[in-house]
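Hi,

Here is the structure I promised to pass on. Have a look at it first, and my notes on what turned up follow below.

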Amino acid sequence: MSGIVRNKISAFSVQSLQRVGPYALSLRGYSSGAKEMTVRDALNSALDEEMSADPKVFLMGEEVGEYQGAYKVSKGLLEKYGPDRVIDTPVTEAGFAGIGVGAAFYGLKPIVEFMTFNFSMQAIDHIINSAAKSNYMSAGQISVPIVFRGPNGAAAGVAAQHSQCYAAWYGSCPGLKVLAPYLADDARGLLKAVIRDPDPVVFLENELLYSESFPVSSEVLDSSFCLRIGKAKIEKEGTDVTITAYSKMVGHALKAAETLSKEGINAEVINLHSIRPLDRQTINASVRKTNRLVTVEEGFPQHGVGAEICASIVEQSFNYLDAPAERIAGADVPMPYAANLERMALPQVEDIVRATKRACYRSEPRAATA
Amino acid sequence: MSCAFSAVTMAQPNPLTTNRLSTYAIKLPPFLGSTRKLRPHSLSKSLPSPSKSLRSSTSSVSDVVKELKSNLLITKEEGLELYEDMILGRAFEDMCAQMYYRGKMFGFVHLYNGQEAVSTGFIKLLKKDDCVVSTYRDHVHALSKGVTARAVMSELFGKTTGCCRGQGGSMHMFDKEHNVLGGFAFIGEGIPVATGAAFTSLYKRNVLKEAGGNTVTLAFFGDGTCNNGQFYECLNMAALWKLPIVFVVENNLWAIGMSHLRATSDPEIWKKAPAFGMPGVHVDGMDVLKVREVAKESILRARRGEGPTLVECETYRFRGHSLADPDELRDPAEKAHYAKRDPIAAMKKYMIENKLVNESELKAIEKKIDEVVEDAVEFADESPLPPRSQLLGNVFADPKGFGIAPDGTYRCEDPKFTQGTAHV
């Protein structure tokens, strides 16, 4: 939402702008005319450039070709690369995920799109057993340079079977790399990096973010732009409390940080980027600076990403904690359909603000908002 | 097809006699349990070419054979190669059983005794570039494809000199050099992977414009797998995109203790292929020459770009599902019946009766193979166990995937990582 971006300009001091990085620099100079890009276009351009750079890369999934992509992420690719490289599959996740894995075994670089990651459960045997574990089982002979991508997590009113977040499930599996972008430049840089990566990657996008625009610098638009896998990004520097988040929750965390700054709490927001490998070093360094932690995620709370982050902090930075770590996650229920219930089942900005205040011992009652 | 399904009512197989050529051209052996003899009506009349070419090429095979000096299907060299491969499979698996009971091998071990004709009949026709994808019953597939007995035995012992350095085990035989793409424990898991390898073969020709013909992929799997969804998904896609793959069903009638007839609504698996627009062939899997003939045609079809074939091999495993299976549910009469049809005995009989070889040559081969297997066991015994540093290796092709250590460098750059003592 460009709304966040504009609000952030007023909230930031000049010093923090200097530290945050290229995207903020492009904000400062109105005269330079910051270019904006939607996440969808960012992903599309990344796919386009990687497919043209390496003929072994091909895209396979439901509706990726003639329909231009179920969410239009692969728009224009069929016309450009032809049906040999942009393949519309029948509705058989297990079959085509396995075909992708087999193609990767034998030398190609497939990108397998799941219409949503909920459907990946039909193919999860191939993602875990034949993609993630094969390099190990074959002692390095068979590497699997495959990317499984698609929207993950809740959308708007799509109910229980279309709204689950899979970051925790895939993040626990050795042999996989799991990434979740937020900004357009995250989406572009990380997708390019994972297509070039020789290992199986699960790339968790978010349907509601596809239409959001973010400013991008010319560096991001360069065709060799790649982000590092395994490195988290500090979206907003702060001193009082660390808030970690990934995907859509980064937007919520940034808004919460803005609200909190008005109340005198200077929160540091970390955009995880990489669920596996988790950038424990950045998170721990941040907690050692701020001494408080709030983790935010959309998925189910038990065994979630936040649980792993809290465990990592307890193991490595226990003595630095001034307050118990707070975990914000989706409600421990299958996603309800009714719009107000759905709102209650997902973390909202108010929940992040409340939890952060609790971590700062400025507590408010725990009851959920109506 | 309704009532005659009892496992014991075996139809008589065609014996390996010199009348065999006419037998091939006309009919295939009767399906188990049925009292009718089946015709190879693999496709309906609306799909003319594949079935016609299949049947006509069966007779064209016999035309080719007539050009040879003798009327036989194989030359002496080919016969010896097939015999040696089957003996290797049998001796190796028997040694595995011995080693398991002595405690040198552990976990799940699934032996291939009795099914050697399928592996030898198909895999000996492949080139090095062609791929084989198998299930957990994969030792003999790997051996037939060219992986050394030493490498397979060491892998089974869990030693670092194994084909997967001890990290895969009995059920996960991978060998990149010989294009053995696994070894999968889940049934049906290998079929999409094989279909993907076939897809790659086509892609390399069409998109990457690499020279050379289509490499062919063989997917081996059992009768239980034919009730699994992924199987049908792949039959559909392979036929849709005309992938160079042969689906080989090793129908040994039992999925652990579940009889194929109790588990399947229509037990004739080859009949399922025409529903997807590809030919389905049923062959006697206890006869290596018959399997070889069918394999020749289906591999040629795939290489020519005509698409996939489903070959159902009626075969039998002499031992239980795995070495931990007490094998109590199978009728001893059934086992005895198939023991009489041992592929190795049949091949031996064929070669001797047709004066291709004499006894001493076959004995020499058996002795040689015994030595190979003994040597493999010795080699595996003396090989070292994997070192600790191997534990964290090969999880990723790019080990930076282990992430960043507390000191800010990549974990894989820590020298302790390669020694196996790093904290991850």
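Predicted model: local features only at pLDDT ≥ 70, side-chain atom pairs only at ≥ 80, totals over all residues.

A definition before anything else: a residue is called buried when its relative accessible area is under 20%, exposed when over 50%, and partly exposed in between (1.4 Å probe, protein chains only). Helices (H or I, at least four residues) and strands (E, at least two) are DSSP runs, numbered from the N terminus.

Residues are numbered from 1 along each chain as its sequence is written, chains are lettered from A and ligands numbered from 1 in the order in which they are written, and side-chain values use heavy atoms, with hydrogens and water left out.

**A helix in chain B**

With that in hand, take α6(B), residues 149–157. Which of its residues are buried? They are B:Ala149, B:Ala151, B:Val152, B:Met153, B:Ser154, B:Glu155, B:Leu156 and B:Phe157. After α6(B) comes B:Gly158, with a positive phi near 80 degrees.

B:Ser201 sits in helix α7 (residues 190–206) and is buried, at 5% relative accessible area. Setting aside neighbours within four places in sequence, B:Ser201 is in contact (heavy atoms within 4.5 Å) with B:Asn214, B:Thr215 and B:Pro244. B:Ala339 belongs to helix α11 (residues 332–340) and counts as partly exposed, with 41% relative accessibility. From B:Ala339 to B:Gly114 is 225 residues in sequence, but 7.9 Å in space, C-alpha to C-alpha.

**The two chains overall**

Chain B has 14 helices and nine strands, and 57% of its 424 residues count as buried. Chain A has 16 helices and 14 strands, with 62% of its 370 residues buried. Looking at contacts between residues at least 6 apart in sequence, 73% of those in chain B join residues at least 24 apart; in chain A the figure is 79%.

**Where A meets B**

The contact takes in 55 residues of chain A and 54 of chain B. Together they bury about 4,300 Å², with carbon and sulfur atoms giving 64% of that. Buried area here is the accessible area (1.4 Å probe) that two parts lose on being put together, summed over both. A:Tyr106, A:Tyr136 and A:Met137 supply 19% of the area that chain A buries against chain B, more than any other three residues.

How many salt bridges cross this interface? The rule finds one, where a salt bridge is a side-chain nitrogen of Lys or Arg within 4 Å of a carboxyl oxygen of Asp or Glu. The side chains involved are those of A:Lys177 and B:Asp398, at 3.6 Å, N to O.

On the chain A side, the elements giving two or more residues include β2 (57–61), α7 (124–132) and α13 (280–290). The biggest contributor is α6(A), with ten residues. By class, this side has 24 nonpolar, 18 polar and 13 charged residues. Here Ala, Val, Leu, Ile, Met, Phe, Trp, Tyr, Cys and Pro are nonpolar, Asp, Glu, Lys and Arg are charged, and the others, Gly among them, are polar.

**Inside chain A**

Chain A is divided into domain 1 (2–23 + 36–221) and domain 2 (233–359), with bounds from an automatic or database domain assignment. Their centres, taken over C-alpha atoms, are 23 Å apart. In this chain, 40 residues of domain 1 are in contact with 29 of domain 2. The two domains bury about 2,700 Å² between them, 60% of it on carbon and sulfur atoms. The salt bridge count between these domains is zero, while ten residue pairs are in polar contact (both at pLDDT 80 or more). The domain 1 side that touches domain 2 has 27 nonpolar, eight polar and five charged residues.

Cheers

Technical notes
Polar contact = N/O pair within 3.5 Å; in protein donor to acceptor, adjacent residues only side chain to side chain.
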